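Subject: Structure handover and findings

Hello,

Please find the structure below, sequence included. My notes on it follow, with the cut-offs stated as each term comes up.

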Amino acid sequence: MSAFQESPAWVRVGLVPILQLTLALAVSSLVVLMVGESPIEALKLMVYGATNLEYGGLASTLYYATNFIFTGLAVAVAFHAGLFNIGGEGQAYVAGLGVAIVALTFDSTLNVWLMAPMIIVISALFGAVWGVIPGYLQAKRGSHIVVTTIMFNFIAAAVMGYALVEIIAPMGGNSTDSRYFAATSVFPKLNEIWPDIPSSLLNPTLLIALITAWLVWVLIWRTRLGYAIRVVGQNPKAAEYAGINVARIIIITMAISGALAGMMAINEVYGAQSRLILNFTNGFGFIGIAVALMGRNHPVGVILASILFGALYQGGTELQFDMPSLNPELIMVIQGAVIFFTGALDRLVRDPVEKMFMRKSTEEA
C-alpha cells in the first residue's frame with residue numbers, strides 16, 4: 001500500500017463526518033434518556049428549532065454559523081502551515097475591542113456605507129496583530145504556538161475587562177457593555193431589510209463570511225503564498241531546502257489566521273449586538289477548531305460544518321424551552337459530544353474507516 005494513498009474523497013468528507021455525528025448523537029441520546037426524556041423527541045425539537053422559518057430558527061442558525069465560518073477558517077489556514085492556532089478566542093476578542101473603538105468614535109458622523117469597510121479592515125487588523133505575535137515568537141524565538149496562543153487568550157480577556165469596565169462603559173454603557181452604536185452606522189438585521197420575516201440577529205456579515213471563505217480557497221490553492229503555506233505545513237525541512245523562508249511563512253500565516261478569527265467581531269459586535277459586550281466571543285473561537293477538523297480544513301467543508309454547529313447551538317437553545325428538564329448544562333453536554341467525536345477523537349473514527357476503504361481499493365487494483 002502506498003504511503004501517499006488516500007481513501008476516496010466521499011469517504012473523507014462525507015462518510016466519516018456522518019459516522020462521527022451519528023456516534024455523538026448516540027452518546028447524547030444516553031444523556032437524554034438519563035433525565036427521563038425521549039431522545040427521538042429531543043432530536044425532532046432540535047431539528048425543528050434550528051430549521052423553522054416561522055420563528056426565525058433557520059436565520060438564527062445561519063447567524064451562529066457566520067461566527068463559526070470565520071473561526072473555522074482561521075484554524076484551517078493555520079493547519080495548512082502545520083500550526084495549531086488555539087487563540088481564535090483572544091484574536092476575536094481583541095478585534096471586538098478595535099471594532100468598538102472605531103464605531104464609538106465615528107458612529108455619529110459616518111453612515112453604514114462608510115463605517116462597514118472601516119470595521120472590516122479594523123477587525124482583521126486587530127486580529128492579525130494578536131495572531132502575528134505568537135507567530136513571530138514561534139518562528140524567531142522557538143516558542144510553541146499552542147502555549148503562546150493560549151496565554152494570549154488570557155491576556156486578551158484581561159485587556160478587554162479593563163478597557164470595557166474602566167474606560168468604555170463609563171462613557172454611556174453598563175459595567176459589562178458599551179453604549180449602542182448609532183443605528184445609521186451599523187448593519188441592518190435581516191428582518192429590518194425584509195419586515196415580513198421573523199426577528200433574528202442574522203445580518204449581512206454572512207455574505208462577508210462566504211466571500212472570505214472563497215478568498216481563502218483562492219489563497220490556499222491558487223496562489224504562490226498558499227502553495228508555500230501548504231509545503232511548510234507538510235514538510236518544513238523540504239520547504240526550507242526548496243528556498244522557502246519558513247519563518248516568514250509562519251509569521252504571515254498566523255497574521256492571516258488571526259485576521260480571520262478577528263473578523264468574527266464584525267458579526268457579533270457590529271452586526272448582531274451593535275455594542276461591545278463582555279465575553280461576547282462565548283467560546284466560538286474554540287468551536288472553530290472542531291469546525292475546521294470536521295470540514296477537513298477546506299473552505300467548503302468549513303461552511304458546511306459551521307452550519308451544523310450553528311444548528312446545534314440554535315436547536316439546543318430551542319430545546320431548553322420545549323424540554324425544561326434538559327437544563328443548559330445538559331445541552332452543553334450534547335454539543336460537547338459532537339465536538340468530542342468530530343474534533344478530539346477525529347482519528348478514532350477516521351483511521352479505521354479510511355484504512356478499510358484503502359485496503360479494499362488495493363485489493364481491487
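Helices in these notes are DSSP runs of H or I with at least four residues, numbered from the N terminus. This is a predicted model, in which local features need pLDDT of at least 70 and side-chain atom pairs count only at pLDDT 80 or more, while totals for chains, interfaces and linings use all residues. Residues are numbered from 1 along each chain as its sequence is written, and side-chain values use heavy atoms, with hydrogens and water left out.

Backbone

Asn 297 sits in the loop between helix 13 and helix 14 (299-322), and its phi is about 60°. Asn 297 counts as buried because its relative accessible area is 18%; buried means under 20%, exposed over 50% and partly exposed in between, with a 1.4 Å probe and protein chains only. Ser 274, in the loop between helix 12 and helix 13, has phi near 55°. Ser 274 is buried too, at a relative accessible area of 8%.

Salt bridges

The search of the whole structure gives two salt bridges, a salt bridge being a side-chain nitrogen of Lys or Arg within 4 Å of a carboxyl oxygen of Asp or Glu. In one of them, Arg 179 pairs with Asp 107, and the closest N and O atoms are 2.9 Å apart. Arg 179 belongs to the loop between helix 6 (145-168) and helix 7 (190-193) and Asp 107 to the loop between helix 4 and helix 5, so the pair ties together parts 72 residues apart in sequence. Arg 179 is partly exposed, with a relative accessible area of 29%, whereas Asp 107 is buried at 4%.

The other joins Arg 275 to Asp 177, with the closest N and O atoms 2.4 Å apart. Arg 275 is in the loop between helix 12 (264-272) and helix 13 (284-294), Asp 177 is in the loop between helix 6 and helix 7, and the two are 98 residues apart. Both Arg 275 and Asp 177 are buried.

Helix packing

Helix 4 (residues 88-106) packs with helix 5 (residues 112-141) at an angle of about 145°, the axes being 8 Å apart. Axes here are lines fitted to C-alpha atoms, for helices over the stretch in contact, and angles run from 0 to 180 degrees between N-to-C directions. The crossing is right-handed, that is, the near helix is turned clockwise from the far one by less than a right angle. Residues making the contact (heavy atoms within 4.5 Å) include Gly 90, Val 94 and Gly 98 of helix 4 and Met 115, Ile 119 and Trp 130 of helix 5. By class, this contact has 12 nonpolar, six polar and no charged residues. Nonpolar covers Ala, Val, Leu, Ile, Met, Phe, Trp, Tyr, Cys and Pro; charged covers Asp, Glu, Lys and Arg; the others, Gly among them, are polar.

Helix 4 also crosses helix 11 (residues 246-262), at roughly 65° and with the axes coming within 7 Å. This crossing is right-handed as well. On the helix 4 side are Gly 88, Gln 91, Ala 92 and Ala 95, which meet Met 254, Ser 257, Gly 258, Ala 261 and Gly 262 of helix 11. The class count is four nonpolar, five polar and no charged residues.

Ile 256 is also in helix 11 and is partly exposed, with a relative accessible area of 22%. Beyond four places in sequence, Ile 256 is in contact with Val 77, Leu 219 and Leu 225.

Cores

A nonpolar core is a set of buried Ala, Val, Leu, Ile, Met, Phe, Trp, Tyr and Cys residues joined through side-chain atoms within 4.5 Å. The largest one has 100 residues, and those with the most contacts inside it include Phe 68, Ile 119 and Tyr 270. Helix 3 (residues 57-80) gives the most to this core, with 12 residues. A second, separate core has five residues, among them Val 11, Val 16, Val 349 and Val 353.

Gln 20 lies in helix 1 (residues 9-34) and is buried, with a relative accessible area of 0%. Its contacts beyond four places in sequence are Phe 341, Thr 342, Asp 346, Val 349 and Arg 350.

Regards
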